[in-house]
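Have a look at the structure below before reading on.

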Amino acid sequence: MSFIKAKEHLKKYNLEKNILEFTESSATVKEAAQALHCEEKEIAKTLGFLVNNEPILIVTAGDQKIDNQKYKEIFKEKAKMIPFDEVENTTGHEVGGVCPFGIKENIKVYLDDSLKRFKTVYPACGSHNSAVKLTIEELMKASCFLEWIDVCKTIENEPK
């Protein structure tokens with residue numbers, strides 16, 4: 001159902017032709033990059049947080065993670081992710097398919113500056129086996145984002 005809502009939302013912007021569905025999972029950044037044959041950093045992952053107990057979504061590049069200090073400077077509180085078992089009920093999308101399209105009303109969407117280095121990115125599309133290919137301009141329009149923010153840092157490669 002959430003895939004259909006995301007698709008209907010994207011249709012309003014004439015972007016439904018950019019939706020991609022896979023037989024394999026694209027629920028994680030790594031899986032999505034494999035399914036799309038692109039680099040992990042090109043995956044636009046959507047993270048859900050609670051600010052003053054209200055949900056927000058932050059879309060960031062796949063090679064980034066939240067920098068708690070930067071987050072606190074902007075939102076004036078410690079980063080608190082939406083609990084795993086509440087994500088679908090809160091956002092309208094299941095874990096692995098969370099995206100800024102077809103979400104529940106009154107959820108503020110922010111885009112992280114880490115996305116600005118790309119021409120094209122691949123956010124999820126409401127399910128664990130879908131994505132949508134969007135230019136940054138298309139993402140800006142279709143996400144109905146509130147503002148660009150800088151709340152991330154690059155994920156360091158873990159030692160092997």
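Strand E2 is mostly covered, with nine of its nine residues buried; here buried means under 20% relative accessible area, exposed over 50%, and partly exposed in between, using a 1.4 Å probe and protein chains only. Helices (H or I, at least four residues) and strands (E, at least two) are DSSP runs numbered from the N terminus. This is a predicted model, where local features need pLDDT of at least 70, side-chain atom pairs count only at pLDDT 80 or more, and totals for chains, interfaces and linings use all residues. Residues are numbered from 1 along each chain as its sequence is written, and side-chain values use heavy atoms, leaving out hydrogens and water.

Two strands pair if DSSP finds at least two bridges between them. The table lists the pairings.

| Strands | Sense | Bridges | A bridge pair |
|---|---|---|---|
| E2 and E3 (residues 54–61) | antiparallel | eight | Leu-47 and Ile-58 |
| E2 (residues 43–51) and E6 (residues 120–123) | parallel | two | Ile-43 and Tyr-122 |
| E6 and E8 (residues 134–135) | antiparallel | two | Val-121 and Leu-134 |

E2 and E3 form a hairpin with two residues between the strands, and there Asn-52 takes a positive phi near 50°.

**The largest pocket**

How much space lies in the largest pocket? The answer is about 490 Å³. A pocket is an open set of points on a 1 Å grid over the protein atoms alone, with protein on both sides within 12 Å along at least five of seven lines, and lining residues have an atom within 4 Å of a point. The lining has 26 residues, and Ala-27, Lys-45, Thr-46, Leu-47 and Gly-96 lie nearest the pocket's centre. E2 supplies the largest share of this lining, six residues.

**A buried histidine**

His-93 is in the loop between helix H4 (87–91) and strand E5 (108–112). Why does His-93 count as buried? Because its relative accessibility is 0%. Its side chain reaches the backbone oxygen of Phe-101 at 2.6 Å. Not counting residues up to four places away in sequence, His-93 touches residues including Ser-2, Ala-6, Val-98 and Gly-126, where contact means heavy atoms within 4.5 Å.

Conventions
Polar contact = N/O pair within 3.5 Å; in protein donor to acceptor, adjacent residues only side chain to side chain. 1 Å grid on protein atoms, 1.4 Å probe; cavity = no way out; pocket = protein on both sides within 12 Å on 5 of 7 lines; lining within 4 Å. Points joined across faces, edges and corners; volume = space filled by probe spheres on them.
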